[in-house]
Amino acid sequence: MRLPPVADRLAGNRFLLDEDEPHIVVDQALAAATGSADRIIAICPAQVYSKAADGTVQVEYAACLECGTCFAVADPGVLTWHYPRGGFGVQYREG
Ligand code: SF4
């Protein structure tokens, strides 16, 4: 069986964004000082992170797959990360 490309599979997910309580917060100074910024940008499978022209890390919360990989590779204190509150977050449509 041939699977569709990853981007197509991700497009099948639904995300309910919790605008009152973001589930990821980046300590910008620590991210830049430790090199974690580049690491989390490179490793996120959903391309949630990007770098702005001023070097700060931008977060596209609504694309997060809640895999926790960024939290595992970031230096301590760089990310505040938790699962979204009940009713919010990703809903997988492709298993
Ligand atoms: S939890 Fe996974 S999908 Fe979400 S931002 Fe981190 S690495 Fe990306």
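Of the 95 residues of the protein chain, 29% count as buried, where buried means under 20% relative accessible area, exposed means over 50% and partly exposed lies in between (1.4 Å probe, protein chains only). The model is predicted, and local features need pLDDT of at least 70, side-chain atom pairs count only at pLDDT 80 or more, and totals for chains, interfaces and linings use all residues. Residues are numbered from 1 along each chain as its sequence is written, and side-chain values use heavy atoms, with hydrogens and water left out.

**Overall layout**

- The protein chain has four helices and six strands; helices (H or I, at least four residues) and strands (E, at least two) are DSSP runs, numbered from the N terminus.
- The order of these elements along the sequence is α-β-β-α-α-β-β-α-β-β.
- The C-alpha trace of the protein chain spans about 45 × 30 × 25 Å along its principal axes.
- Among contacts in the protein chain with a separation of 6 or more, 69% are between residues 24 or more positions apart, a contact being heavy atoms within 4.5 Å.

**Helix α3**

- Helix α3 covers residues 36-43, and its buried residues are Ser-36, Ala-37 and Ile-40.
- These residues lie on the same side of α3 because they cover an arc of only 105° around the axis; the arc is that of the directions from the helix axis to the C-beta atoms.

**Aromatic pairs**

- The whole structure contains two aromatic pairs. Rings of Phe, Tyr and Trp (its six-membered ring) pair if their centres lie within 6.5 Å; planes under 30 degrees apart count as stacked, over 60 as edge-to-face and the rest as tilted.
- Phe-71 and Trp-81 form a stacked pair, because their ring centres are 6.3 Å apart and their planes are at 25°.
- This pair links distant parts of the chain, with Phe-71 in helix α4 and Trp-81 in strand β5, 10 residues apart.
- Phe-71 is partly exposed at 43% relative accessibility, whereas Trp-81 is buried at a relative accessible area of 14%.
- Trp-81 and Tyr-83 form an edge-to-face pair, because their ring centres are 5.0 Å apart and their planes are at 75°.
- Tyr-83 counts as exposed, with 53% relative accessibility.

**Salt bridges**

- Side chains of opposite charge can pair when their charged atoms come close.
- The structure has four salt bridges, each being a side-chain nitrogen of Lys or Arg within 4 Å of a carboxyl oxygen of Asp or Glu.
- One of them joins the side chains of Asp-18 and Arg-85, at 2.7 Å from N to O.
- Asp-18 lies in the loop between β1 (14-16) and β2 (24-26), and Arg-85 in the loop between β5 and β6 (89-91), so this pair ties together parts that are 67 residues apart in sequence.
- Asp-18 is buried at a relative accessible area of 7%, while Arg-85 is partly exposed at 36% relative accessibility.
- Arg-85 also forms a salt bridge with Glu-21, the closest N and O atoms being 3.7 Å apart.
- Glu-21 is in the loop between β1 and β2 and Arg-85 in the loop between β5 and β6, so this bridge ties together parts that are 64 residues apart in sequence.
- Glu-21 is partly exposed, at a relative accessible area of 31%.
- Asp-18, Glu-21 and Arg-85 are therefore linked in a network of salt bridges by the pairs Asp-18 with Arg-85 and Glu-21 with Arg-85.
- Another salt bridge is formed by Arg-39 and Asp-75, with the closest N and O atoms 3.3 Å apart.
- Arg-39 lies in helix α3 and Asp-75 in the loop between α4 and β5, so the pair ties together parts that are 36 residues apart in sequence.
- Arg-39 is partly exposed at a relative accessible area of 33%, and Asp-75 is partly exposed at 26%.

**Around the ligand**

- There are 13 residues around the ligand, and Cys-44, Cys-64, Cys-67, Gly-68 and Cys-70 come nearest; a residue is near a molecule or strand if one of its heavy atoms lies within 4 Å of it.
- The shell around the ligand consists of 10 nonpolar residues, two polar and one charged. Ala, Val, Leu, Ile, Met, Phe, Trp, Tyr, Cys and Pro count as nonpolar, Asp, Glu, Lys and Arg as charged, and the others, Gly among them, as polar.
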